[in-house]
Number of protein chains: 2
Amino acid sequence: RIVDEIAAVLSSRGILKDKKVIVTAGGTREPIDPVRFVGNRSSGKMGYAIAKAAAKMGANVVLISGPVSLPTPQGVRRIDVETAAAMRDAVLSEYDDSNIVIKAAAVADYRPKQAAVHKIKKTGDSLVLELEKNPDILSELGQHKQKQVLVGFAAETQDLLLHAQEKLTRKNLDMIVANDVTLPGAGFNTDTNIAKLIFRDGHIEDLPLMSKDEVALVILNKVSQLL
Amino acid sequence: RIVDEIAAVLSSRGILKDKKVIVTAGGTREPIDPVRFVGNRSSGKMGYAIAKAAAKMGANVVLISGPVSLPTPQGVRRIDVETAAAMRDAVLSEYDDSNIVIKAAAVADYRPKQAAVHKIKKTGDSLVLELEKNPDILSELGQHKQKQVLVGFAAETQDLLLHAQEKLTRKNLDMIVANDVTLPGAGFNTDTNIAKLIFRDGHIEDLPLMSKDEVALVILNKVSQLL
């Protein structure tokens, strides 16, 4: 396939050789009790495509993944996590000597205040679930950034550019990949995406409908220029 | 494998020939907004094992499935659903001419009162989620039972027999498969199970640790005797 050939060319040019790349992927699960959870929609396909492409380009790739049903790409070290808190711990433990961090995971912003130890029995007609904010991993990475190139994602259903640009600035990112998940071909569990790449200087690149493998190559090529 | 041979024997005896069997499997997803949901843990493995075994025994099998990452077993008609409400509609539309209904799905008891049309932005430090009761599919099937043999599941973390027996009676089931999901080898996403089969007359069969394929054969063999 063409994308494999392009990846081979980029790899032969060694654009990510000996770079340590952290990729997060998939959604998190925040337990309500042992059987119920609050989840985020994410097939993990975008993050896995990036991890695969980065490994082909010669990078040392760590993939920190929520529960997904995808095989681990060749040459990639994968760490499985379930909650946002576990993802934070895994990312921070890998952060210091990393060169690039690409946070493609859909991390829960909120978690139940208390996870019940035993299954909650359904008694009342309604149930009030109190949620508290999860740690904001990307903001924390942005605050402690040294040499790292930090890339975030913004999956939005409205005011895409506004939300994405605000997130880029507030979290001290170098690039943000924004996509409107309501567009056909850009939603969850698709093999394609329609992304906009937004940079710190305000410059925006609009990508057409592409496979997630192709989007991964474009993202990594851009990131390599920011190193 | 031995289970395939046993299934072949039961099938050659035609114990489910021309019977219509509805199996539900997997967990449901109840939307909070377009990206977040309340989910139930379930790999779908137990239900898919039952659907596969029933088809081998000659039954006409309809598998009504929440989001899982399992292939459709051969000879099985599969209907994909996401919410408890959609699962209810699918089950009811297949119910009247069915002979056996086995509800292995982990259906959400509660759903968010209102699903937000757009992604909820994280503003406050906490969020209160109001949940309301979902329709109880199994109770509804029990109330409208004609000739059907109705089998439920009880996945519990404590007081297993008490909860399971109460559920059997209250929902007018013919058999309930109870398992303590805190036991090693009986949890979610395992390939094995440790089940207790509980019948209307109060009689209980304790099964040892078995593969889910083997548990499926035992369940279907028992069910065929209740037809």
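Which residue stands opposite A:Gly39 in E3(B)? The views below include that pair, B:Phe37 facing A:Gly39. The model is predicted, local features need pLDDT of at least 70, side-chain atom pairs count only at pLDDT 80 or more, and totals for chains, interfaces and linings use all residues. Residues are numbered from 1 along each chain as its sequence is written, chains are lettered from A and ligands numbered from 1 in the order in which they are written, and side-chain values use heavy atoms, with hydrogens and water left out.

**View 1. The contact between chain A and chain B.** Chain A gives 39 residues and chain B gives 39 residues to the contact (heavy atoms within 4.5 Å). About 3800 Å² is buried between the two chains, 48% of it on carbon and sulfur atoms; buried area is the accessible area (1.4 Å probe) that two parts lose on being put together, summed over both.

**View 2. The salt bridge of A:Glu82 and B:Arg41.** The closest N and O atoms of this pair are 2.7 Å apart. Between chain A and chain B the count is four salt bridges (a side-chain nitrogen of Lys or Arg within 4 Å of a carboxyl oxygen of Asp or Glu).

**View 3. E3(A) beside E3(B).** Strand E3 of chain A and strand E3 (residues 36–40) of chain B run antiparallel and are joined by five bridges. Strands are DSSP runs of at least two residues, numbered from the N terminus, and two of them pair if DSSP finds at least two bridges between them.

Conventions. Helix = DSSP H or I, 4+ residues; strand = E, 2+ residues; numbered from the N terminus.
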